[in-house]
There are 6 protein chains.
Amino acid sequence: MGLPKEVLEEKIRKFVEEDVGQGDITSEITVPSGTIVDAEVVVKESGVVAGVKESLIMLRNLQVEALVEDGSRVERKTIVMKITGDARTLLSIERTLLNLLTRMSGIATMTNRLVNKVRRAGHKTRIACTRKVAPGLLYFDKRAVMLGGGDTHRLHMDDLVLIKDNHLAVGGKIADTVKTARNTVSFSKKIEIEVTDARKALDAAKAGADIVMLDNFTPKQAKETISLLKKGGLRNKVLIEASGRITEQNILDYAGTGVDILSLGELTSSTKTLDMSLEFVNVRQRGSSKS
Amino acid sequence: MGLPKEVLEEKIRKFVEEDVGQGDITSEITVPSGTIVDAEVVVKESGVVAGVKESLIMLRNLQVEALVEDGSRVERKTIVMKITGDARTLLSIERTLLNLLTRMSGIATMTNRLVNKVRRAGHKTRIACTRKVAPGLLYFDKRAVMLGGGDTHRLHMDDLVLIKDNHLAVGGKIADTVKTARNTVSFSKKIEIEVTDARKALDAAKAGADIVMLDNFTPKQAKETISLLKKGGLRNKVLIEASGRITEQNILDYAGTGVDILSLGELTSSTKTLDMSLEFVNVRQRGSSKS
Amino acid sequence: MGLPKEVLEEKIRKFVEEDVGQGDITSEITVPSGTIVDAEVVVKESGVVAGVKESLIMLRNLQVEALVEDGSRVERKTIVMKITGDARTLLSIERTLLNLLTRMSGIATMTNRLVNKVRRAGHKTRIACTRKVAPGLLYFDKRAVMLGGGDTHRLHMDDLVLIKDNHLAVGGKIADTVKTARNTVSFSKKIEIEVTDARKALDAAKAGADIVMLDNFTPKQAKETISLLKKGGLRNKVLIEASGRITEQNILDYAGTGVDILSLGELTSSTKTLDMSLEFVNVRQRGSSKS
Amino acid sequence: MGLPKEVLEEKIRKFVEEDVGQGDITSEITVPSGTIVDAEVVVKESGVVAGVKESLIMLRNLQVEALVEDGSRVERKTIVMKITGDARTLLSIERTLLNLLTRMSGIATMTNRLVNKVRRAGHKTRIACTRKVAPGLLYFDKRAVMLGGGDTHRLHMDDLVLIKDNHLAVGGKIADTVKTARNTVSFSKKIEIEVTDARKALDAAKAGADIVMLDNFTPKQAKETISLLKKGGLRNKVLIEASGRITEQNILDYAGTGVDILSLGELTSSTKTLDMSLEFVNVRQRGSSKS
Amino acid sequence: MGLPKEVLEEKIRKFVEEDVGQGDITSEITVPSGTIVDAEVVVKESGVVAGVKESLIMLRNLQVEALVEDGSRVERKTIVMKITGDARTLLSIERTLLNLLTRMSGIATMTNRLVNKVRRAGHKTRIACTRKVAPGLLYFDKRAVMLGGGDTHRLHMDDLVLIKDNHLAVGGKIADTVKTARNTVSFSKKIEIEVTDARKALDAAKAGADIVMLDNFTPKQAKETISLLKKGGLRNKVLIEASGRITEQNILDYAGTGVDILSLGELTSSTKTLDMSLEFVNVRQRGSSKS
Amino acid sequence: MGLPKEVLEEKIRKFVEEDVGQGDITSEITVPSGTIVDAEVVVKESGVVAGVKESLIMLRNLQVEALVEDGSRVERKTIVMKITGDARTLLSIERTLLNLLTRMSGIATMTNRLVNKVRRAGHKTRIACTRKVAPGLLYFDKRAVMLGGGDTHRLHMDDLVLIKDNHLAVGGKIADTVKTARNTVSFSKKIEIEVTDARKALDAAKAGADIVMLDNFTPKQAKETISLLKKGGLRNKVLIEASGRITEQNILDYAGTGVDILSLGELTSSTKTLDMSLEFVNVRQRGSSKS
């Protein structure tokens, strides 16, 4: 996933617009018109950088050199990008720039840590996010997960049939609901269904679901469910996603059950930014030579 | 702070629009047209609720009764609001609704915990957020801080002159910069300046700054600075804000220094959502009587 | 697919805004303020109606009764909806209303005719549209196809991996490309690939594509490809879509080949509106009783 | 008519935005970052090209050379434009680009065919479209008519007083209505009125209408009406537009009646796209030399 | 001219949004939640009221009774509208409401004064505005002129061909330019041309211009031009507009020349608001009875 | 105050969009495609120029050289900017450009005249505008005041607590209201209160208001109030703003009272544009050399 330049420009313009209000009155007062700066975005703790593509768009009225690619692991003190241009312009977007970069990088970093933990333990299990994103930031949050090595899961409500408890509460049985969905929805969509016990998982797989989501299963329950699916000759016909209760602590227990996907809302809902700062390296007047 | 209905409608429409894509294909398939539900938003851990006002706007095409006011402390299992109406409509915004409510409530809860900690220790120190918000969510993040008992600080870049390191890097001395700002900016604005040692704090206060921000001071340094200001007869002429390095762990040490405001970027940048869920209580067809 | 009310309101507002300019100067001059009309939207040729949901939103400032549901087949002279309210308001949106209703109904009617032709001949083949829609009308065009009994295919570029000639032109072989896609894209997406001969269809199916699109195949070539897939034990592992060259005339030949989906760009790119008109039944002044 | 660059950019951004969703996931997976293509838009049937100006704006982040001017007649296999640039960027807008170009060119082609038919028969009659456009595409549809040699008629509801049956249904007589309109509306507007028989046409002309629209007249009725107008010395005081029932088959019959304008809703409501495709001519990595 | 409700809502939302920033912090602090007011908009000097229709839309979340219709002449102390509802909501839009009402009423008042001056002197000359409006307020400014009895002139650049000095500077002669325009532009448009002397006025009239604009003519020159047009038998074939140099002082001199239209940029570019205030009549808590 | 480029682009695009409608049909007809002009914006009366920054953005698709800086005083016939580029593009925005420049310059000129009058009389009193701006033009109107040497006052409703008559009407006493405000609002805001007599001014100052606004005081009353404040030792604790009744005629009387700020709604509500015109200096075809 990745938006075209003109679409991102519009999203990012709104971020700047909200923060800047009627203008950066501080810089207008303290920074002489025509002041040029060389500045650097520096990472202050190790992690995975995300949001470089978006930053280049936010900084499109300045001169920027990205030294780090989106998705790269970096150490403390790494320079992510070098920026040269009008000081007032840069100061007026400094905070919004860092807010975007540090949030996306924070999400990518956490995702990557979990992915690596699972990989190092020898599992191929995918680590996915959910739709528990910050409102309006679905694109940025999911893209950060992707850059951290995670799976974006649904990109919005129209790209997967995902039947959850509240849908079933309306009345349908699992098998009927899956079959109806298969007959009704476009052939281009997969069908996933959330189940609460092993038996329902089997029903869903038999009915032809593409993906079965084990909701709030313990690792033990997940393992048993997979055994039953194997016995029923159904394991290869479905993907199995486990969701709920999974934490950084117990993630290897879940990965060990043999499920295909582990999804965690926390990747995007309980974020910790990756610390970065914007540092001025050189300040001069337009027209004067670089010191 | 709080936006008029029509302005919020527009912001919230965009949240829904991004998430829903071309429509909630799952509900269209699994939920018969004309299905009516009674549902409840239930809190799953204790905390402070924020986002009720905004939720009422998101739910404006349904019937809603708010049982909890914005800013209230609630216990686990509290019903925040009761919702009745078209099941498909509700399902299509369920996640966006919870994303907004749980983020705002998470921010309010953390803010409130810090405020209470400081109040219980007998301090009047204000707990403020900064501009380190999620991009595009400045309004929602700052309002959540306010509802948690915190101080919103600047609402955007035009409502306070806040002179930081990068402004001073351009060249001005503290006293000159403050004086220029005073002469240039509208009489309706306060002037704040960030300082890195006690001596600069005194310079700023003498020069007539309204607020002096002690950047990355230890509690000891902050205390000494305040002593010096008192000696200089300047303590009552300025507000003192401490920022940087302050955590939930050491916050009482800082509050004990006598500064007026403690500001923490983490209130809005490292958020943990307050867990809530939407539960269906009753499902029926339009026209049928309530069971 | 179907958008929430508030999202549709915004899309439809723009349609009205473009057409109305600075106002309907004719009605302001010729229709006294406070004139109330009863009017009817009448179908002037038989077909399938689509766009009722959207019309109700366009008419939300008037009183409307829909007599026909979206997706219904109607005969000439059927009244689709009755409208009562301010004459100037209705006249100012009459043309935009009819433009939307007659376009969507035209698309639904053509789709439905093809679907019925195929069903009557005993085939289960799905009739799908493509992304060849009018710019900006993707939602309305695809929804009309759905209401006519067709398959919407992709809803935008993010909900299906669809590898076409220009992607392969960049260099990858079919099998490698499919495998890379499977490893890279979210588990929630299907993978489809366009092929130009039977052999490539087999390669794609073996490589694990979910859907294989036979591009510009003759019915004979399509039939042979399916035979080969059956021989290879691959027929049940993939869906087969035929695209290109399919017309209303030869559609049964294609349906007879055993492919699962027939897709036609013409459903949305070469549209003929379904004729309707808005007729005034009664005109009176506000406050006067209905004659 | 023709919109300034910045206004078109916004309209076109929305077309791209709707189609692309959260991104072109296929190209991201199958096309290596930094791939450069040379591509051509090729016409696959003869016709009149329209939409070049708009395409240049859609392609503004790539390098484009237009080989054909808007409004030109082209033969099959003509290259409309050559495009060089980032392959992913081009692939993500390929379909939207072709949707716009082929729709506008289809409209221009049909318009031009009718105009030529009438011109070749020696008539000066103008061929005009109506407001029966695709919702939201009024600008593009009308501009395509203009590029095909047709008359755009009203550009929205504020640039001509056009009194139709539903306006008269509210009660006014033709003569009174025209006079009221003349006294009320700005001097900068023309006044047109739709009539249903010859007598009303005379009334309208006498009352000072600038244009009289003969609604659903047969060619014979139109001819007689013009005779009567001539006898009454009114022919030179009004323009005569015929509308309704006019088709490609009978258009010369209508043109032969001596009316000034023939308007056909079908020009924009029953469109057939002009077939074009985007072909990759050369693919290489950024930095590598062109093969 | 007059926009539909949904289009006006959007324009007016933006006015409110800009002024309110992140919220009316004063009212939130000083006005208890749930406070209800009865308020009145009162005119403080005599004039013509305009903007009532737009005010009703701005106030749509409150209860409003308009006591004065748009375009009415009122005396000092007249109550324009009565408003009841949530005090905070009203206070947050008070200034924007008055800014709109007083600007539109100021323009309507000035327009009406000139129209009346001319009418009382026995002239039928129309008083028109130009496109010299406040940026973004074209609709509101022109509508105010209309409500004051003036002529709106062009509503934007697409509804009249108006050939001015800079167009002619490009090279065309008057007669040729008018003829080209007639052949090229839609039949639905009038053609106006600006001339700088009597001879050019005759050329323009002969060439078939619908309207001739006498630019910066003295009343004497205007009179002579009209004489010449009469002698040439051209007076009844064109409308004559005089523009430039016309002021409230000399307007009767110009009206006396026999021109059809006098246009003054000052009507919308040099505005004086009509003084009004919002007065609170009654304040109470929601639920309490009205005192 | 001053908005970033991308935010201004959006605001200015809307100005152009409204005026241009579906296009500048006059220039398309009269100006050959590819015509290049050299043009100048010339001031036709002396004054202070404002809006250059904004004009550069409006003209960003042309080549522009600004010869005058925003806020400069200029004499009649001064060339403000030289513009070279596509004639049609320039003609399509000529009027909108002049509307913006002449309005902003008119406001700056009037502001500057009052500021100079007060300065020449030896007073330091600030001249401020209010929120009485044209709807939607708050940014442009306030920026023009600033460029004329005035004080912008509040930039929107969230950057100052300003307690007015209608807030007090709800019930609070001055002292209580000020204290509540101080405890509730962010430390980053000043608190201002409007008073109607000297006694209330003292109450407000004692209660800790930052600014006291004397509403509709005569110069004599203002003077007495200041004396009382001095006697009470409160003069240096507050800023004093006088508002209401102040005119260009009596402004020195008010300035002489010793108040700090004089605010006048008329600066932005009763504007007179500064006359300018766009003059074509040279016209040629693209590719031809400059004559």
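Within chain A, domain 1 and domain 2 bury about 1,700 Å² between them, 60% of it from carbon and sulfur atoms; buried area here is the accessible area (1.4 Å probe) that two parts lose on being put together, summed over both. This is a predicted model, in which local features need pLDDT of at least 70, side-chain atom pairs count only at pLDDT 80 or more, and totals for chains, interfaces and linings use all residues. Residues are numbered from 1 along each chain as its sequence is written, chains are lettered from A in the order in which they are written, and side-chain values use heavy atoms, with hydrogens and water left out. Welcome, and here is a tour of two interfaces.

**Between the domains of chain A**

- Domain 1 of chain A covers 5-113 + 272-285 and domain 2 covers 116-269, with bounds that come from an automatic or database domain assignment.
- The C-alpha centres of these two domains of chain A are 36 Å apart.
- Contact (heavy atoms within 4.5 Å) links 20 residues of domain 1 of chain A with 18 residues of domain 2 of chain A.
- There are 4 salt bridges between the two domains of chain A, a salt bridge being a side-chain nitrogen of Lys or Arg within 4 Å of a carboxyl oxygen of Asp or Glu.
- A:R113 and A:E248 form a salt bridge through their side chains, at 2.7 Å from N to O.
- On the side of domain 1 of chain A that touches domain 2 of chain A, α4(A) gives the largest share, with 9 residues; helices (H or I, at least four residues) and strands (E, at least two) are DSSP runs, numbered from the N terminus.
- That side of domain 1 of chain A consists of 9 nonpolar, 4 polar and 7 charged residues, where Ala, Val, Leu, Ile, Met, Phe, Trp, Tyr, Cys and Pro count as nonpolar, Asp, Glu, Lys and Arg as charged, and the others, Gly among them, as polar.

**Between chain A and chain B**

- Chain A and chain B each bring 61 residues to their contact.
- About 5,000 Å² is buried between chain A and chain B, and carbon and sulfur atoms give 61% of that area.
- In chain A, the residues losing the most area to chain B are A:E18, A:P135 and A:M157, together 15% of what that side buries.
- The rule finds 4 salt bridges across the interface of chain A and chain B.
- A:K11 and B:E18 meet through their side chains in a salt bridge of 3.5 Å, N to O.
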